[in-house]
Amino acid sequence: MKIKLIDKKLKDIKSDLEVVFVVNKSLKHRWVQDLEYLDKTNFKGDDEEILFLHEKKKVYVGVENLEHENLRTASAQVIRQILKLKLKTFKIGLYFEKNPEEGIKAISEGFLLGAYSFQKYKSKIKKSSLKEIFISSEAYKTLPGYENKKVNIKNLEKILDESAVISKNVNFVRDIVNEAPSDLSPLEFSRIAKEEAQKNNLQIKIYGEKELKKLGMNAFLAVNRASTYPPQLIHLVYKPKQAKKKIVLVGKGLTYDTGGLSLKPGESMLTMKMDMGGAAAVLGTILTASELKLPIEIDAVIGATENAIGQDAYKPDDVLKAMNGKTIEVRNTDAEGRLVLADCLAYAQKEKFDFIADIATLTGASMIALGEYTSSVMGYNNDLNQAIINASKKSGELMDVLPFNKYLAKLLKSEIADISNISSSKYGGALTAGIFLGEFIEKKNKNKWVHIDIAGPAYKEKTWGENSYGASGAPLRTLISWLENLI
Ligand code: BES
Ligand code: ZN
Ligand code: ZN
C-alpha cells in the first residue's frame, strides 16, 4: 500500500472511493455533498462516526477538529473499514490545523499504522486489495496568512516519505513484540538485530553469557539464570559522518517475564511477551534514524533475557553485585527489569554522550499513575523531561512526567546491601523503580538521563486510536521526533 500526493484538485483525481472528513460537525464545506443522504441516515458527524455511501463512491467520517491527533485517529478508523472492501484506490483532501506538513503526516500515519494487523500465526491470511491512496494538494482550508499561496509540494512529499519510513518501522516493532515468546527468544532477537544491522550498515556487537560474566554483569546474569536461553546484550551503533549529537538508547528486553520465583498470577503473566517492548522500540528507533539519515550518532543497548523459573532460578533474599560494584538485595524476582537495566546502564556509560534514555515496560504502577495509554517520563533534568513530553505531543503518543522526590528515594534502603530492588512502600512504584535506575547513573551523567516507562501503552488487547490489537510500537515516534528536534 502506497500513499501518493497528487497535485490536482480533489475532484479531478480518479479513484474508487473518496474519503470526506466532516470537521466539527460542519456540513458547510464544498467537499460535503449528499446532504439529503446524510440527513436520511441521521449522520451527525460525531467524532469517528463513519458513513459509507457506496453508490456515490463516498465515505463520510466525523472528526472533532483539525488537530493532528484527531486526523490521525480518524484516518486509522476509516482505513480499517476500507480494507474490508474490494477497492484498489481511494482519495482524500489535505486537512490540517496549523500547517499542511503536520496534517499530511498525521493522515499518512493514521492510514499506515491503522491498517496494521498481526497475522503471522493465522493459517488464512486476510489480504486487502487496496493498492494506492491519493492525497490531493487541495487543502480543506487555506493556509492562514497565505490565502493565495499554494502548498509546498516538495516539502509535503518529503514529509510523506518520512512518515512512511517511520510507520514501516513502528509496524516492524509491533511485529517483533507480537511474536510468541517461545519464537522470539533472546537468541532470535539478536538474530533479527544482526539481520537489520547488516541491511542498514550499522555496527553491531553481541555479548553472550561468557562476555557478560567477564564484564561483571551479575544482576543481568541472575535474572537469566533459570532460562534455557543464554542472555544477549545487543549493542548497535549508527555513526553518521557529521553527527551533531550522540545519544544512547537502552531497552529492557525481557522476552518473557514469568515473575521468576515471585511468580506472577496467571492473569498478570498473560501478555508478558511484551516485556521486550522497550528493546524492540530502541531497535526500531536506531533503524529509523539511519534510514532517515539523521545527523545524530546513536548507540542502542539492549538487554535481552527471559525471567523464568527453575532449579537454578535467582531467589528473593539473594544479593547481587552489579557491574558498577553496587550490591542489590533481591526482595522480589518480578522486579527484574531494573536489574537487567542496572547493568545495561552501567555498560552504556562507558563512552561519552549527550543524552541517555532508557525505555522499559518497567512497572504496573506506571499505569496506576497515568492510566493505561500514557507512558511515564522520569529523570533529574526537567528540561530533558519536558523535551520528551513536547516530542510526544508532536508524535501523537501520550506521555507525562512523574516527579521524583527525596522521600521516595529512602524507600529503597536495604539493611544488608547497598540498595533493595523493591520499595518498602506500596505507593509510587513507577517512581521508586525510576529512582532505582537513577542509582546506576554516574554522577556526571545524572542530568543527561531520562527514563521512559511504557508499561501502559506498549501492548493492549484492544484497538485504540491508530493502534491495532497488540503491540503499539511506542515510543518510537516520540523518540524520532525528539531526535529530530535535537538537530
Ligand atoms: N514487566 C513488569 C511490569 C509490567 C506490568 C509491564 C504490567 C506491563 C504490564 C515488571 O517486570 C514487573 O513485574 N514489575 C513489578 C514490580 C514490583 C514487583 C515492584 C510490578 O509492576 O508489579
Ligand atoms: Zn517482572
Ligand atoms: Zn518485567
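Guide: Let us begin with contact, which means heavy atoms within 4.5 Å. By that rule, and leaving aside neighbours within four places in sequence, tryptophan 482 is in contact with Ile247, Phe355, Ala357, Leu384, Ala387, Ile388 and Ala391. This is a predicted model, where local features need pLDDT of at least 70 and side-chain atom pairs count only at pLDDT 80 or more, while totals for chains, interfaces and linings use all residues. Residues are numbered from 1 along each chain as its sequence is written, ligands are numbered from 1 in the order in which they are written, and side-chain values use heavy atoms, without hydrogens and water.

Visitor: Which residues touch the most other members of the largest nonpolar core?
Guide: They are Leu236, Leu283, Ile302, Trp482 and Leu483, in a core of 59 residues. Apart from it lies another core, of 47 residues, with Val32, Phe43, Ile82 and Leu130 among them. A nonpolar core here is a set of buried Ala, Val, Leu, Ile, Met, Phe, Trp, Tyr and Cys residues joined through side-chain atoms within 4.5 Å.

Visitor: What makes the arrangement around the zinc ion (ligand 2) irregular?
Guide: Six donors count as octahedral if opposite donors are over 155 degrees apart and all others between 65 and 115; anything else is irregular. The six donor atoms around the zinc ion (ligand 2) subtend angles of 70 to 167°, and the arrangement is therefore irregular. Its donors come from Asp257 (OD), Asp334 (O), Asp334 (OD) and Glu336 (OE), at 2.0 to 2.2 Å. Donors are N, O and S atoms within 2.8 Å of the metal (3.2 Å for Na, K and Ca); water is not among the atoms, so sites may look incomplete.

Visitor: What is the site of the zinc ion (ligand 3) called?
Guide: That site is octahedral, with angles of 77 to 171° among its six donor atoms. Lys252 (NZ), Asp257 (OD), Asp275 (OD) and Glu336 (OE) coordinate this ion at 2.0 to 2.4 Å. The two zinc ions, ligand 3 and ligand 2, are 3.3 Å apart, and aspartate 257 coordinates both.

Visitor: Why does aspartate 257 count as buried?
Guide: Buried means under 20% relative accessible area, exposed over 50%, partly exposed in between (1.4 Å probe, protein chains only). Aspartate 257 has 3% relative accessibility, so this residue counts as buried. Glutamate 336 is at 0% and therefore counts as buried too, and lysine 252, with 2%, is likewise buried.

Terms used:
Tetrahedral: all angles 85-135°; square planar, octahedral: opposite > 155°, others 65-115°.
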